[in-house]
Amino acid sequence: MKISDFIGEATEYDKKEMLEERRPRSWLKSVSAFANGIGGALIFGVSDEEILVGLTDARAVSEKISETIKTKMDPIPQVIMENHVEDEKEFVILRVLPGQETPYYYIADGNRVAYVRVGNESIPADATALKRLVLRGTNMTYDSVVSSYMLGDFSFTKLRSVYRMRTGTELSDSDFISFELADESGKLTNAGALLADDSPMRHSRLFCTRWYGSDKASGVIEALDDKEYNGSLVSLLQNGTEFVKNNTKKRWKKTGTGRVEMPEYPEQAVHETLVNALIHRDYMEIGSEVHIDIFDDRMEIYSPGGMFDGSIVQNLDTDNVASKRRNPVIADIFSRMHFMERRGSGFKKIKADYRHAVNYRSEVEPLFKSTPTSFFVTLYNLNYNVPVEKMLIDPEKVAIDGKNVAIEIAIEKLNASQNTIRKAIVVFEKMGIDGIFGRSDIAAITNDSVTAAGNLITKLKNAGLIEAVNGYGKGKYKFTGPKE
(Lines give C-alpha, C1' and ligand atoms only; values in the text may rest on other atoms or scores of the structure.)
Protein backbone atom coordinates (compact mmCIF):
# COMPACT_ATOMS: atom_id res chain seq x y z
CA MET A 1 0.00 0.00 0.00
CA LYS A 2 1.22 3.47 -0.86
CA ILE A 3 1.32 6.27 1.70
CA SER A 4 -1.33 8.18 -0.28
CA ASP A 5 -3.64 5.15 -0.18
CA PHE A 6 -3.12 4.79 3.55
CA ILE A 7 -3.94 8.45 4.17
CA GLY A 8 -7.09 8.10 2.08
CA GLU A 9 -8.30 5.09 4.06
CA ALA A 10 -7.26 6.06 7.60
CA THR A 11 -10.04 7.42 9.80
CA GLU A 12 -7.67 9.26 12.16
CA TYR A 13 -4.08 10.13 11.36
CA ASP A 14 -1.39 12.75 11.84
CA LYS A 15 1.67 13.50 9.71
CA LYS A 16 5.14 14.37 10.98
CA GLU A 17 7.98 15.39 8.70
CA MET A 18 10.49 14.14 11.27
CA LEU A 19 10.66 12.84 14.83
CA GLU A 20 10.98 15.81 17.17
CA GLU A 21 13.05 14.20 19.91
CA ARG A 22 13.28 17.35 22.03
CA ARG A 23 9.55 18.06 21.74
CA PRO A 24 7.97 14.64 22.37
CA ARG A 25 4.63 16.15 23.37
CA SER A 26 4.20 17.40 19.78
CA TRP A 27 3.50 13.84 18.67
CA LEU A 28 2.81 11.93 21.90
CA LYS A 29 -0.37 14.00 22.39
CA SER A 30 -1.68 12.28 19.25
CA VAL A 31 -0.69 8.89 20.65
CA SER A 32 -2.63 9.70 23.82
CA ALA A 33 -5.68 10.96 21.89
CA PHE A 34 -5.76 7.95 19.56
CA ALA A 35 -5.48 5.50 22.48
CA ASN A 36 -8.23 7.37 24.33
CA GLY A 37 -10.43 7.30 21.23
CA ILE A 38 -10.96 5.00 18.27
CA GLY A 39 -7.29 4.57 17.45
CA GLY A 40 -5.29 6.17 14.67
CA ALA A 41 -1.89 6.43 13.06
CA LEU A 42 1.10 8.74 12.90
CA ILE A 43 3.10 8.81 9.68
CA PHE A 44 6.70 10.00 10.07
CA GLY A 45 8.44 11.30 6.94
CA VAL A 46 5.48 13.20 5.44
CA SER A 47 5.16 16.99 5.57
CA ASP A 48 2.01 18.89 6.49
CA GLU A 49 1.49 19.47 2.76
CA GLU A 50 1.57 15.65 2.31
CA ILE A 51 4.92 15.76 0.48
CA LEU A 52 6.80 12.46 0.87
CA VAL A 53 10.03 13.74 2.41
CA GLY A 54 11.27 10.49 3.91
CA LEU A 55 13.48 9.79 6.93
CA THR A 56 17.27 9.58 7.06
CA ASP A 57 17.28 6.51 9.32
CA ALA A 58 13.85 4.92 9.78
CA ARG A 59 15.17 2.15 12.01
CA ALA A 60 16.71 4.58 14.49
CA VAL A 61 13.49 6.62 14.48
CA SER A 62 11.47 3.48 15.26
CA GLU A 63 13.67 2.63 18.22
CA LYS A 64 13.46 6.18 19.59
CA ILE A 65 9.65 6.22 19.20
CA SER A 66 9.33 2.93 21.10
CA GLU A 67 11.63 4.10 23.90
CA THR A 68 9.83 7.47 24.27
CA ILE A 69 6.37 5.88 24.45
CA LYS A 70 7.55 3.57 27.24
CA THR A 71 8.98 6.40 29.33
CA LYS A 72 6.51 9.21 28.70
CA MET A 73 3.10 7.46 28.46
CA ASP A 74 1.06 6.02 31.34
CA PRO A 75 -0.29 3.45 30.90
CA ILE A 76 1.63 2.32 27.85
CA PRO A 77 -0.76 2.04 24.87
CA GLN A 78 -0.70 -0.82 22.41
CA VAL A 79 0.98 0.22 19.17
CA ILE A 80 2.12 -1.40 15.94
CA MET A 81 5.23 -0.02 14.23
CA GLU A 82 5.87 -0.42 10.50
CA ASN A 83 8.86 0.63 8.42
CA HIS A 84 7.69 1.57 4.95
CA VAL A 85 9.69 2.17 1.76
CA GLU A 86 8.29 4.12 -1.15
CA ASP A 87 10.03 5.89 -4.03
CA GLU A 88 13.33 4.84 -2.46
CA LYS A 89 12.45 6.80 0.69
CA GLU A 90 11.94 5.43 4.20
CA PHE A 91 8.93 6.12 6.43
CA VAL A 92 7.64 4.96 9.81
CA ILE A 93 3.94 4.29 10.35
CA LEU A 94 2.93 4.14 14.01
CA ARG A 95 -0.52 2.57 14.46
CA VAL A 96 -2.15 3.24 17.84
CA LEU A 97 -4.92 0.86 18.86
CA PRO A 98 -7.98 1.98 20.85
CA GLY A 99 -7.14 1.44 24.51
CA GLN A 100 -9.07 -0.38 27.21
CA GLU A 101 -7.24 1.17 30.21
CA THR A 102 -8.20 4.78 29.64
CA PRO A 103 -7.21 7.50 30.32
CA TYR A 104 -3.80 7.30 28.61
CA TYR A 105 -1.65 10.17 29.88
CA TYR A 106 1.35 12.01 28.52
CA ILE A 107 3.74 12.35 31.47
CA ALA A 108 6.81 14.60 31.35
CA ASP A 109 8.17 17.80 32.89
CA GLY A 110 5.79 17.52 35.83
CA ASN A 111 2.77 17.24 33.49
CA ARG A 112 0.19 14.49 33.43
CA VAL A 113 -2.26 15.21 30.62
CA ALA A 114 -4.77 13.01 28.80
CA TYR A 115 -5.61 14.09 25.26
CA VAL A 116 -8.70 13.52 23.14
CA ARG A 117 -9.36 13.96 19.46
CA VAL A 118 -11.55 16.85 18.28
CA GLY A 119 -11.65 17.14 14.53
CA ASN A 120 -8.06 16.94 13.28
CA GLU A 121 -6.56 18.11 16.56
CA SER A 122 -5.44 16.42 19.76
CA ILE A 123 -6.42 18.60 22.71
CA PRO A 124 -6.30 18.15 26.51
CA ALA A 125 -9.38 16.37 27.87
CA ASP A 126 -11.63 18.63 29.91
CA ALA A 127 -13.14 17.51 33.23
CA THR A 128 -16.18 15.87 31.62
CA ALA A 129 -14.16 14.05 28.97
CA LEU A 130 -11.76 12.85 31.65
CA LYS A 131 -14.67 11.42 33.67
CA ARG A 132 -15.83 9.52 30.59
CA LEU A 133 -12.37 8.07 30.11
CA VAL A 134 -12.10 7.05 33.77
CA LEU A 135 -15.48 5.26 33.59
CA ARG A 136 -14.46 3.50 30.39
CA GLY A 137 -11.13 2.47 31.87
CA THR A 138 -12.87 0.93 34.89
CA ASN A 139 -15.42 -0.82 32.67
CA MET A 140 -18.26 1.28 34.06
CA THR A 141 -20.90 3.47 32.46
CA TYR A 142 -22.54 6.67 33.68
CA ASP A 143 -25.94 5.05 34.17
CA SER A 144 -24.50 2.28 36.37
CA VAL A 145 -22.79 4.67 38.81
CA VAL A 146 -24.46 4.80 42.23
CA SER A 147 -25.92 8.23 43.01
CA SER A 148 -26.56 9.94 46.35
CA TYR A 149 -30.35 9.54 45.96
CA MET A 150 -32.29 6.94 47.95
CA LEU A 151 -34.85 4.62 46.34
CA GLY A 152 -37.33 5.24 49.17
CA ASP A 153 -37.35 8.99 48.57
CA PHE A 154 -38.78 8.75 45.06
CA SER A 155 -41.90 7.34 43.42
CA PHE A 156 -41.86 5.31 40.20
CA THR A 157 -45.56 5.28 39.34
CA LYS A 158 -45.03 5.83 35.61
CA LEU A 159 -42.28 3.22 35.31
CA ARG A 160 -44.24 0.61 37.30
CA SER A 161 -47.45 1.27 35.34
CA VAL A 162 -45.84 1.02 31.92
CA TYR A 163 -43.76 -1.99 32.93
CA ARG A 164 -46.89 -3.83 34.09
CA MET A 165 -48.83 -2.88 30.96
CA ARG A 166 -46.09 -3.93 28.53
CA THR A 167 -44.77 -7.04 30.28
CA GLY A 168 -47.77 -8.30 32.24
CA THR A 169 -45.76 -8.46 35.48
CA GLU A 170 -45.18 -6.15 38.42
CA LEU A 171 -41.89 -4.31 38.91
CA SER A 172 -40.85 -5.23 42.46
CA ASP A 173 -38.33 -3.51 44.72
CA SER A 174 -36.01 -6.48 44.27
CA ASP A 175 -36.18 -5.92 40.50
CA PHE A 176 -34.70 -2.46 41.03
CA ILE A 177 -31.60 -4.14 42.41
CA SER A 178 -31.59 -6.95 39.82
CA PHE A 179 -31.91 -4.45 36.97
CA GLU A 180 -29.16 -2.22 38.49
CA LEU A 181 -31.55 0.67 39.11
CA ALA A 182 -30.50 0.63 42.78
CA ASP A 183 -27.84 -1.02 44.92
CA GLU A 184 -28.21 -3.24 47.97
CA SER A 185 -28.09 -0.26 50.34
CA GLY A 186 -31.10 1.35 48.65
CA LYS A 187 -29.22 4.02 46.74
CA LEU A 188 -30.36 4.70 43.19
CA THR A 189 -27.97 4.39 40.32
CA ASN A 190 -28.01 7.23 37.81
CA ALA A 191 -30.27 5.03 35.66
CA GLY A 192 -32.74 4.69 38.54
CA ALA A 193 -32.67 8.44 39.17
CA LEU A 194 -33.42 9.11 35.50
CA LEU A 195 -36.49 6.85 35.67
CA ALA A 196 -38.05 8.38 38.81
CA ASP A 197 -41.36 10.22 38.36
CA ASP A 198 -39.84 13.45 39.62
CA SER A 199 -36.34 12.80 38.33
CA PRO A 200 -33.68 14.78 40.20
CA MET A 201 -31.57 14.84 37.03
CA ARG A 202 -32.64 18.32 35.93
CA HIS A 203 -30.57 18.21 32.74
CA SER A 204 -32.67 15.26 31.54
CA ARG A 205 -35.25 17.20 29.54
CA LEU A 206 -37.01 17.16 26.18
CA PHE A 207 -37.66 20.33 24.18
CA CYS A 208 -40.24 20.06 21.38
CA THR A 209 -41.04 22.74 18.80
CA ARG A 210 -43.27 22.85 15.73
CA TRP A 211 -41.74 25.67 13.70
CA TYR A 212 -43.54 27.78 11.12
CA GLY A 213 -42.09 27.06 7.68
CA SER A 214 -38.87 25.20 6.95
CA ASP A 215 -36.40 27.00 9.23
CA LYS A 216 -36.23 28.65 12.65
CA ALA A 217 -36.38 32.21 11.33
CA SER A 218 -39.31 32.45 8.97
CA GLY A 219 -39.91 36.11 9.77
CA VAL A 220 -43.68 35.61 10.16
CA ILE A 221 -44.42 33.29 13.08
CA GLU A 222 -41.56 31.67 14.92
CA ALA A 223 -43.33 28.60 16.32
CA LEU A 224 -46.78 27.06 16.02
CA ASP A 225 -46.37 24.90 19.12
CA ASP A 226 -43.67 24.27 21.71
CA LYS A 227 -43.41 22.19 24.85
CA GLU A 228 -40.74 21.50 27.47
CA TYR A 229 -40.85 18.22 29.36
CA ASN A 230 -38.91 16.76 32.28
CA GLY A 231 -39.34 13.82 34.63
CA SER A 232 -39.00 10.09 34.05
CA LEU A 233 -37.45 8.90 30.80
CA VAL A 234 -40.64 6.91 30.23
CA SER A 235 -42.67 10.11 30.47
CA LEU A 236 -40.27 11.89 28.11
CA LEU A 237 -40.76 9.15 25.53
CA GLN A 238 -44.55 9.27 25.85
CA ASN A 239 -44.70 13.07 25.81
CA GLY A 240 -42.40 13.32 22.81
CA THR A 241 -44.45 10.74 20.91
CA GLU A 242 -47.66 12.62 21.70
CA PHE A 243 -46.16 15.95 20.60
CA VAL A 244 -45.17 14.48 17.24
CA LYS A 245 -48.61 12.93 16.81
CA ASN A 246 -50.34 16.26 17.56
CA ASN A 247 -48.11 18.23 15.18
CA THR A 248 -48.07 15.99 12.13
CA LYS A 249 -50.77 14.94 9.69
CA LYS A 250 -51.91 11.78 7.96
CA ARG A 251 -53.19 11.58 4.39
CA TRP A 252 -55.18 8.83 2.78
CA LYS A 253 -55.76 7.74 -0.78
CA LYS A 254 -58.44 5.53 -2.25
CA THR A 255 -57.49 2.26 -3.90
CA GLY A 256 -59.49 -0.31 -5.78
CA THR A 257 -60.70 -2.05 -2.62
CA GLY A 258 -60.49 0.62 0.06
CA ARG A 259 -57.99 3.26 1.10
CA VAL A 260 -54.35 3.57 2.14
CA GLU A 261 -53.20 5.88 4.91
CA MET A 262 -50.04 7.89 4.36
CA PRO A 263 -48.58 9.61 7.46
CA GLU A 264 -46.02 12.36 7.06
CA TYR A 265 -43.54 10.28 9.06
CA PRO A 266 -43.51 6.50 9.60
CA GLU A 267 -44.59 5.94 13.19
CA GLN A 268 -41.99 3.31 13.99
CA ALA A 269 -39.17 5.42 12.53
CA VAL A 270 -40.15 8.32 14.80
CA HIS A 271 -40.44 5.98 17.79
CA GLU A 272 -37.05 4.37 17.15
CA THR A 273 -35.34 7.73 16.66
CA LEU A 274 -36.77 9.19 19.87
CA VAL A 275 -35.97 6.05 21.89
CA ASN A 276 -32.38 6.16 20.66
CA ALA A 277 -32.09 9.89 21.42
CA LEU A 278 -33.21 9.40 25.03
CA ILE A 279 -31.42 6.14 25.78
CA HIS A 280 -28.09 6.75 24.07
CA ARG A 281 -27.62 10.44 24.88
CA ASP A 282 -24.61 11.53 26.90
CA TYR A 283 -26.02 12.41 30.32
CA MET A 284 -22.67 13.81 31.39
CA GLU A 285 -23.33 16.77 29.08
CA ILE A 286 -24.83 19.17 31.59
CA GLY A 287 -26.86 22.08 30.22
CA SER A 288 -28.08 20.27 27.12
CA GLU A 289 -31.19 18.28 26.31
CA VAL A 290 -32.87 16.25 23.58
CA HIS A 291 -34.66 18.38 20.99
CA ILE A 292 -37.46 17.58 18.54
CA ASP A 293 -37.81 20.29 15.87
CA ILE A 294 -40.62 19.82 13.36
CA PHE A 295 -40.61 21.89 10.17
CA ASP A 296 -42.89 21.80 7.14
CA ASP A 297 -40.56 19.49 5.19
CA ARG A 298 -38.71 17.55 7.90
CA MET A 299 -38.27 16.62 11.54
CA GLU A 300 -34.90 16.98 13.26
CA ILE A 301 -34.09 15.14 16.49
CA TYR A 302 -30.94 16.19 18.34
CA SER A 303 -29.29 14.28 21.18
CA PRO A 304 -26.27 15.36 23.27
CA GLY A 305 -23.27 13.10 22.68
CA GLY A 306 -21.78 11.67 19.51
CA MET A 307 -21.27 8.01 18.66
CA PHE A 308 -20.29 6.08 21.79
CA ASP A 309 -17.10 4.71 20.25
CA GLY A 310 -16.04 8.14 18.97
CA SER A 311 -16.61 7.38 15.31
CA ILE A 312 -18.42 9.75 12.94
CA VAL A 313 -21.67 8.30 11.62
CA GLN A 314 -21.29 10.02 8.22
CA ASN A 315 -18.22 7.87 7.62
CA LEU A 316 -20.04 4.60 8.36
CA ASP A 317 -22.31 2.22 6.48
CA THR A 318 -25.44 2.69 8.59
CA ASP A 319 -26.86 -0.61 7.35
CA ASN A 320 -24.02 -2.42 9.11
CA VAL A 321 -23.28 -0.53 12.32
CA ALA A 322 -22.90 -2.73 15.37
CA SER A 323 -25.10 -1.78 18.32
CA LYS A 324 -23.01 -0.18 21.10
CA ARG A 325 -24.77 1.21 24.15
CA ARG A 326 -23.55 4.21 26.08
CA ASN A 327 -26.14 3.55 28.81
CA PRO A 328 -26.62 -0.25 28.97
CA VAL A 329 -28.67 -0.21 32.20
CA ILE A 330 -31.23 2.18 30.73
CA ALA A 331 -31.20 0.26 27.45
CA ASP A 332 -31.85 -2.98 29.32
CA ILE A 333 -34.97 -1.74 31.15
CA PHE A 334 -36.34 -0.24 27.92
CA SER A 335 -35.70 -3.56 26.19
CA ARG A 336 -37.58 -5.38 28.95
CA MET A 337 -40.52 -3.05 28.32
CA HIS A 338 -40.26 -3.82 24.58
CA PHE A 339 -39.56 -0.24 23.59
CA MET A 340 -36.47 -1.43 21.75
CA GLU A 341 -34.74 -4.65 20.76
CA ARG A 342 -31.68 -5.97 22.54
CA ARG A 343 -29.87 -6.53 19.27
CA GLY A 344 -29.68 -4.82 15.95
CA SER A 345 -28.97 -1.36 14.61
CA GLY A 346 -31.52 1.39 15.09
CA PHE A 347 -30.22 3.07 11.93
CA LYS A 348 -31.17 0.11 9.80
CA LYS A 349 -34.66 -0.12 11.33
CA ILE A 350 -35.34 3.59 10.81
CA LYS A 351 -34.34 3.35 7.16
CA ALA A 352 -36.37 0.16 6.72
CA ASP A 353 -39.49 1.86 8.12
CA TYR A 354 -39.12 4.59 5.51
CA ARG A 355 -38.49 2.15 2.68
CA HIS A 356 -41.64 0.23 3.62
CA ALA A 357 -43.77 3.37 3.42
CA VAL A 358 -46.15 3.27 0.47
CA ASN A 359 -44.95 6.63 -0.86
CA TYR A 360 -41.22 6.28 -0.19
CA ARG A 361 -38.72 7.91 -2.58
CA SER A 362 -34.93 7.92 -2.40
CA GLU A 363 -34.86 11.69 -1.76
CA VAL A 364 -36.59 11.24 1.61
CA GLU A 365 -34.09 8.72 2.96
CA PRO A 366 -33.38 9.52 6.66
CA LEU A 367 -30.15 11.40 7.30
CA PHE A 368 -27.79 10.69 10.21
CA LYS A 369 -25.06 13.12 11.28
CA SER A 370 -22.76 13.22 14.29
CA THR A 371 -19.93 15.22 15.81
CA PRO A 372 -17.84 14.16 18.82
CA THR A 373 -20.44 15.80 21.09
CA SER A 374 -23.74 15.75 19.16
CA PHE A 375 -26.02 13.44 17.19
CA PHE A 376 -28.65 14.53 14.67
CA VAL A 377 -31.31 12.55 12.81
CA THR A 378 -33.31 14.16 10.02
CA LEU A 379 -36.59 12.47 9.09
CA TYR A 380 -38.12 13.88 5.92
CA ASN A 381 -41.83 14.54 5.44
CA LEU A 382 -43.06 11.86 3.03
CA ASN A 383 -45.95 14.07 1.88
CA TYR A 384 -44.22 17.44 1.55
CA ASN A 385 -44.98 19.21 -1.74
CA VAL A 386 -46.45 16.04 -3.25
CA PRO A 387 -50.15 16.30 -4.26
CA VAL A 388 -52.04 13.25 -3.06
CA GLU A 389 -53.18 12.41 -6.58
CA LYS A 390 -49.55 12.20 -7.72
CA MET A 391 -48.37 9.91 -4.95
CA LEU A 392 -47.20 6.58 -6.31
CA ILE A 393 -48.33 3.62 -4.27
CA ASP A 394 -46.41 0.39 -4.67
CA PRO A 395 -49.12 -2.33 -4.57
CA GLU A 396 -46.67 -4.75 -2.95
CA LYS A 397 -46.48 -2.44 0.07
CA VAL A 398 -50.24 -2.35 0.52
CA ALA A 399 -50.48 -5.82 1.98
CA ILE A 400 -53.76 -5.32 3.86
CA ASP A 401 -55.28 -2.60 1.67
CA GLY A 402 -59.05 -2.25 2.20
CA LYS A 403 -59.12 -3.12 5.91
CA ASN A 404 -55.83 -1.59 6.96
CA VAL A 405 -57.65 1.12 8.92
CA ALA A 406 -59.63 -1.45 10.93
CA ILE A 407 -56.46 -3.43 11.58
CA GLU A 408 -54.65 -0.33 12.77
CA ILE A 409 -57.49 0.49 15.17
CA ALA A 410 -57.55 -3.06 16.53
CA ILE A 411 -53.79 -3.29 16.91
CA GLU A 412 -53.82 -0.09 18.94
CA LYS A 413 -56.11 -1.93 21.39
CA LEU A 414 -53.68 -4.80 21.83
CA ASN A 415 -52.39 -4.88 25.39
CA ALA A 416 -49.14 -6.38 24.21
CA SER A 417 -45.47 -5.67 23.67
CA GLN A 418 -44.15 -4.00 20.54
CA ASN A 419 -42.67 -7.35 19.54
CA THR A 420 -46.12 -8.99 19.72
CA ILE A 421 -47.68 -6.13 17.76
CA ARG A 422 -45.05 -6.48 15.02
CA LYS A 423 -45.76 -10.20 14.79
CA ALA A 424 -49.50 -9.52 14.45
CA ILE A 425 -48.80 -7.12 11.59
CA VAL A 426 -46.55 -9.67 9.88
CA VAL A 427 -49.25 -12.32 10.14
CA PHE A 428 -51.82 -10.15 8.37
CA GLU A 429 -49.31 -9.03 5.77
CA LYS A 430 -48.47 -12.65 4.95
CA MET A 431 -51.97 -14.12 5.14
CA GLY A 432 -53.92 -11.19 3.68
CA ILE A 433 -57.34 -10.01 4.81
CA ASP A 434 -59.04 -13.11 3.43
CA GLY A 435 -56.50 -15.64 4.66
CA ILE A 436 -57.46 -18.59 6.85
CA PHE A 437 -54.83 -19.66 9.37
CA GLY A 438 -54.18 -21.58 12.56
CA ARG A 439 -51.45 -21.90 15.19
CA SER A 440 -49.07 -23.83 12.94
CA ASP A 441 -49.40 -21.19 10.21
CA ILE A 442 -48.55 -18.39 12.63
CA ALA A 443 -45.65 -20.37 14.07
CA ALA A 444 -44.20 -20.76 10.58
CA ILE A 445 -44.62 -17.05 9.79
CA THR A 446 -43.24 -15.71 13.08
CA ASN A 447 -40.65 -18.46 13.58
CA ASP A 448 -42.09 -19.14 17.05
CA SER A 449 -43.29 -22.23 18.89
CA VAL A 450 -46.88 -23.43 18.45
CA THR A 451 -47.51 -22.47 22.08
CA ALA A 452 -46.33 -18.89 21.44
CA ALA A 453 -48.50 -18.80 18.32
CA GLY A 454 -51.48 -19.88 20.44
CA ASN A 455 -50.80 -17.03 22.87
CA LEU A 456 -50.77 -14.59 19.97
CA ILE A 457 -54.10 -15.95 18.72
CA THR A 458 -55.63 -15.40 22.17
CA LYS A 459 -54.52 -11.75 22.19
CA LEU A 460 -55.79 -11.20 18.65
CA LYS A 461 -59.17 -12.70 19.57
CA ASN A 462 -59.47 -10.54 22.68
CA ALA A 463 -58.67 -7.44 20.63
CA GLY A 464 -61.31 -8.36 18.09
CA LEU A 465 -58.86 -8.80 15.23
CA ILE A 466 -59.79 -12.38 14.35
CA GLU A 467 -62.67 -14.82 14.67
CA ALA A 468 -62.99 -18.57 14.38
CA VAL A 469 -64.22 -19.98 11.05
CA ASN A 470 -65.90 -23.31 10.39
CA GLY A 471 -65.33 -25.74 7.58
CA TYR A 472 -61.55 -25.49 7.56
CA GLY A 473 -60.78 -27.72 10.52
CA LYS A 474 -60.59 -26.95 14.22
CA GLY A 475 -58.66 -23.90 15.38
CA LYS A 476 -58.77 -21.88 12.16
CA TYR A 477 -59.24 -18.10 12.11
CA LYS A 478 -59.57 -15.14 9.81
CA PHE A 479 -59.36 -11.36 10.12
CA THR A 480 -62.60 -9.73 11.23
CA GLY A 481 -61.82 -6.19 12.43
CA PRO A 482 -61.99 -4.59 15.86
CA LYS A 483 -64.83 -5.00 18.33
CA GLU A 484 -67.19 -2.08 18.68
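These legends accompany several close-up views of a predicted model.

**View 1**
Welcome to the first stop, an open sheet of four strands in the order β1-β2-β5-β4, with mixed pairing. Its edge strands are β1 (13–16) and β4, each of which pairs on one side only. From one strand to the next, the twist averages 20 degrees. Helix α2 (residues 25–36) packs on this sheet and touches β1, β2 (40–44) and β5. The direction of α2 makes about 160 degrees with that of β2. Helix α3 (residues 58–72) lies across β2, β4 and β5, and runs at about 25 degrees to β5.

**View 1. The pairing of β4 with β5, and H84.**
Here we zoom in on β4 and strand β5 (residues 89–96), which run antiparallel and are joined by eight bridges. To find your place along the pair, look for E82, whose bridge partner in β5 is I93. Strand β4 spans residues 79–86 and holds H84. With a relative accessibility of 17%, H84 counts as buried, because the cut-off for buried is under 20%. The side chain of H84 makes a polar contact of 3.0 Å with the side chain of E86. Beyond its neighbours within four places in sequence, H84 is in contact with M1, K2 and I3, and also with K89, E90, F91 and I93.

**View 2. The antiparallel sheet β3-β6-β7-β8.**
This open sheet is built from four strands in the order β3-β6-β7-β8, and the pairing is antiparallel. The edges belong to β3 (73–74) and β8 (121–124); each has a single partner strand, so one side of each is left without a neighbour in the sheet. Strands of a sheet pair through backbone hydrogen bonds, in either a parallel or an antiparallel sense. Within this sheet, four bridges connect strand β6 (residues 105–108) with strand β7 (residues 111–118) in the antiparallel sense. A handy landmark is Y105, whose bridge partner in β7 is A114.

**View 3. Helix α10 among its neighbours.**
Helix α10 covers residues 328–336 and is mostly covered, with seven of its nine residues buried. They are V329, I330, A331, D332, I333, F334 and S335. These buried residues pack against four helices: α5 (157–167), α7 (190–194), α8 (233–246) and α9 (267–279). Just after α10, look for H338, which takes a positive phi of about 65 degrees.

**View 4. The largest nonpolar core.**
The largest nonpolar core has 64 residues, of which L159, I292, M299, F334 and M337 touch the most other members. Helix α9 gives the most to this core, with seven residues. What surrounds I292? Leaving aside its neighbours within four places in sequence, I292 is in contact with L206, F207, C208 and T209, with G240, V244 and L274, and with M299, E300 and I301. There is also a second, separate core of 23 residues; L42, F44, L55 and Y106 are among them.

**View 5. The crossing of α5 and α8.**
Two of the helices that α10 packs against are shown here together. The axes of α5 and α8 come within 8 Å and cross at roughly 70 degrees. The two helices are therefore roughly perpendicular to each other, as the range for that description is 65 to 115 degrees. On the α5 side the contact is made by K158, L159 and V162, and on the α8 side by V234, S235 and Q238.

**View 6. The packing of α14 on α15.**
Helix α14 (residues 439–446) and helix α15 (residues 450–463) pack at an angle of about 105 degrees, and their axes are 8 Å apart. This angle makes α14 roughly perpendicular to α15. The contact involves R439, I442 and A443 of α14, together with V450, A453, G454, L456 and I457 of α15.

Is A322 buried or exposed? At 55% relative accessibility, A322 counts as exposed, because the cut-off for exposed is over 50%. In sequence, A322 and G346 are 24 residues apart; in space, the C-alpha to C-alpha distance is 9.6 Å.

Terms used:
Residues numbered from 1 in each chain as written. Predicted model: local features only at pLDDT ≥ 70, side-chain atom pairs only at ≥ 80, totals over all residues. Heavy atoms only, no water. Pairing = 2+ DSSP bridges. Buried < 20%, exposed > 50% of the residue type's maximum accessible area, 1.4 Å probe, protein only. Polar contact = N/O pair within 3.5 Å; in protein donor to acceptor, adjacent residues only side chain to side chain. Contact = heavy atoms within 4.5 Å. Core = buried A, V, L, I, M, F, W, Y, C linked by side-chain atoms within 4.5 Å. Axes fitted to C-alpha atoms, helices over the stretch in contact; angles between N-to-C directions. Parallel < 35°, antiparallel > 145°, perpendicular 65-115°, else oblique.
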